[in-house]
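This report describes one predicted protein model. Please examine the sequence and the structure shown below before reading on.

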Amino acid sequence: MAAPVAASASSADVVQLPDGLVVVIKTEPEAEEVSRPQLGAVLKREPVISLMSPLSGTQLVTWSQDHRLAVSTTSAVSLVELVCDVRNSKQGMAVYRTSIPVRQDVGPASELAKAKHKFSSHRDPTIYQPFMSDWVINPQVGTHRGVKCTSWSPLGCDASGRCLLALLLLDHRLTVHQSTKRLEWSTVADLTALYSQRLAACNYAHKKVDDSPPRPDPAPSPCPASDPDPSPTTAETLLNLEELRRRYRMQTPLRMEWSGVYTIKRLTADHACREAEMVLLAVLMENGDLVLWRFDLPFGPGAKPTVYDVIPTDVVDPTGVAWWEYDVGDRRMSGLILGSEAGPVKIMPVAMAGIKGYFTLRKPVVLWPEEDRIPAENIRCVPLYHPAHRTECSLVVASRGCYVFWCLLMISPAGLSVHNAHVAGVHSLPIVALEASRRGGEGGGVAVYTCSLDGRVKRLVPCFTGDTMEFRQEEVLPPDILPGRRILSIAVSANGAYLALANTQGMVGGHHPVERSYQVNFVSLKTVQAAGALLLDLSPPAAQSLYQRADLLDLLRWAVLRDKAAPPGLMAELDQNISTSDSAYFRRFKLFLLRMLTLALRKVPSDPRWRLSSKAIVVDGAQAEAGEGEGEGEGEDEMEVVEEDREDGRTEQQVKQEEEAGRSLAEAQAEMKAVEAQLIRGHMKKVLGDVYLNIWSAVNTSIPTCGLVDYLSVEPGDRAAEVLIGHIKKKMQKQKFPESCSLCGEVLPFSDHKQTALTFQHCLLLDSIAAEPEPDEWIKKILKGPCPFCDSPMI
């Protein structure tokens, strides 16, 4: 079922040539066709990320859920991490930079060299030319040095609870990396090598039925005398050009995409069934196969991914892949959206076992059937809520030339319904980048950002009108936002607060520059008021994390440092939410605002230089007796005061402003200490609750239970703490709680100090520290939890 195209058509100019041929030239929509909202939210932020190497690949910039930006260049992957630093008084964005600097095996090296020599020196041009121009077999053809594309995993996949990075180079090497020590990156899996070994073990079969450990091929039996053709050897197989192409294409990655986190049932060594988490990485191969890699979470050094499944497809020239995930209540479905050069778009079923409430599609679902030779690229899928049907649905968008293809998927008791159409008139040149943000629109709704070949960036906001859907087009950037630069690609932050623009130098005096400069600029997409409203909204359960909203917090940080005051009305709403909710999220949010306010007010010196005032002037007796009396002395004193004020450069009004700022600073510091104390008490109560529930016998624990009880007993009036302390004391009467230090082993309280090697974790903003995780699951859960002050992960 095709829905009507609800976008304005592009305008066109008709030109008639002298020979009678009529040419229709499509142009951009007129001003009345594209809304131009108030661009006050668009603000160019500092710093500008300068790149040492040119940009490369098909996906230049990608933004992760833990606020890290990956930029693909010819020499490395440049990584930029956005940190909402509460100790930095500069109004610019606090970013930290690092980079990851930049072989396939299709058979024995000697036989492969022999085959390449044969085809490269072949006399038949129909064999020689296709072989030498095949960039899959010969990556050195043209400029194939650098990074092709990157893909970030969901949050919580590595040992620190952050994202993994999948990296595909232009020489077809696919690896997975993680940051072990903040800015240090290490390779945790080489998927190209693992898949090559797997294919070699099964003699490069098209699909292996199971994922058991590969077994060596059986020894060939002697051929009977009646059979004149024995089985071909590896050398004879590689000397077949079609077989050589098939082997290269079946292990040449084209694109990759991470799935969401799945909870599965796992049987442990003691035959207990426990829940575990996994994530899948879908790799699209050159021959159309989809290879699913399974990563057991948390994934870290020493772990090894496994091939979950290999899905063969009949797509000849694939272009892109994306996950379609439908999760409503107890029903969950997923599939892989596959685009092609010919034009059709379809969803391939993915069969999963051991996931509660998971359903599998019976057959592939065609989203667009026409073979119009317009490739479908930049495929994205975001969830939506349909107000008319009052159900969850999925919006699939992709770029097809200068058009935007969209498809709405809804699951009802009648089955899966598909509504598709194209948005015309968005750009006059092909779209090179497309991003879909769940909270990029006004009020935190879904928005689609597109960037064309000429560098124009537009925003498409979906709007439901009954059973159909319309897209409202908006200009995103003012014309003079980056003068003299040409935008090549875009990326949107996790919550739609910032837009990263990968750009290069444009024309200089009507000529192309000899050496181009490449850089990444950041512009804001939301106002401070909109960011504050989104931070107060806790509709999604996963959004109750201050760390996951660091891009929105950075906008508020800039506003507080600029105005030296919190946004009007935000503190009052926070206090109201704190009084009506027990969530620690609002207290952490208030603590962040108070920290930034304290930092902004501290820019004025806390101990200004002593200034001469009229009350502080002391006139000695000799001056008092000289002259005609007190009048002249007072006049001279006033003149001296004026001269001192002028020398100091400040007036009385400035002095009053500084005194008022000092009082505001003292009030903010006192309130900040009170909020910190509340967060500490809440975290202590949580720890004591875990101690009461998990300690059943006299064990040696490193948690100072008695010290926590004494600290919570100081402040009366906390009914929850009093009840918890009562239960803990009753339990302490029945059994002992031996407490020892986790570093030196000394029993608490200490009888003598000891020197020990201090090993610990710290949070991302250096607000708190924690010991290394212990074998006990409940203690490990406490130590691996986020920071109680800033909510950032422990690293």
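## Conventions

Two strands are taken to pair if DSSP finds at least two bridges between them. Helices (H or I, at least four residues) and strands (E, at least two) are DSSP runs, numbered from the N terminus.

Residues are numbered from 1 along each chain as its sequence is written. The model is predicted: local features need pLDDT of at least 70, side-chain atom pairs count only at pLDDT 80 or more, and totals for chains, interfaces and linings use all residues, while side-chain values use heavy atoms, with hydrogens and water left out.

## Overall content and confidence

The protein contains 15 helices and 33 strands. Of its 795 residues, 47% count as buried, where buried means under 20% relative accessible area, exposed means over 50%, and partly exposed lies in between (1.4 Å probe, protein chains only). The protein exposes about 40200 Å², of which carbon and sulfur atoms supply 54%; accessible areas come from the Shrake-Rupley method with a 1.4 Å probe, and for residues only the protein chains shown count as cover.

Confidence is expressed as pLDDT, the predictor's confidence in each residue, from 0 to 100. The mean pLDDT of the protein is 80, with 77% of the residues at 70 or more. Strand β4 (residues 61-63) has the highest confidence, at 96, and helix α10 (residues 621-625) the lowest, at a mean of 44. Over residues 1-12 pLDDT stays under 50, and the model has 38 contacts beyond four places in sequence for them; contact means heavy atoms within 4.5 Å. Residues 208-231 also stay under 50, with 14 contacts beyond four places in sequence.

## The sheet β8-β9-β10-β11

Four strands form an open sheet in the order β8-β9-β10-β11, with antiparallel pairing. The edges are held by β8 (147-152) and β11 (185-190); each has a single partner strand, so one side of each is left without a neighbour in the sheet. From one strand to the next, the twist averages 30°. Axes here are lines fitted to C-alpha atoms, for helices over the stretch in contact, and angles run from 0 to 180 degrees between N-to-C directions.

Strands β9 (residues 165-169) and β10 (residues 174-179) run antiparallel and are joined by 4 bridges. In this pairing, L165 has H177 of β10 as its bridge partner, and A166 is partnered by V176. The two strands form a hairpin with 4 residues between them, and H172 in the turn has a positive phi of about 70°.

On to the next pair: β10 and β11 are antiparallel over 5 bridges, and V176 has A189 in β11 as its bridge partner. Their hairpin has 5 residues between the strands, with R182 at a positive phi near 65°.

## Burial of β10 and the covering helix

Strand β10 is largely enclosed by the rest of the structure, because 6 of its 6 residues are buried. Both of its faces are covered: L174, V176 and Q178 are buried on one side, and T175, H177 and S179 on the other. Helix α3 (residues 191-201) lies across β10 and β11, running at about 15° to β11.

## L599 in helix α9

L599 lies in helix α9 (residues 584-601). Its relative accessibility is 16%, so L599 counts as buried. Beyond its neighbours within four places in sequence, L599 is in contact with V86, R87, N88, S89 and L561. L561 and L599 are 38 residues apart in sequence, with their C-alpha atoms 7.7 Å apart in space.
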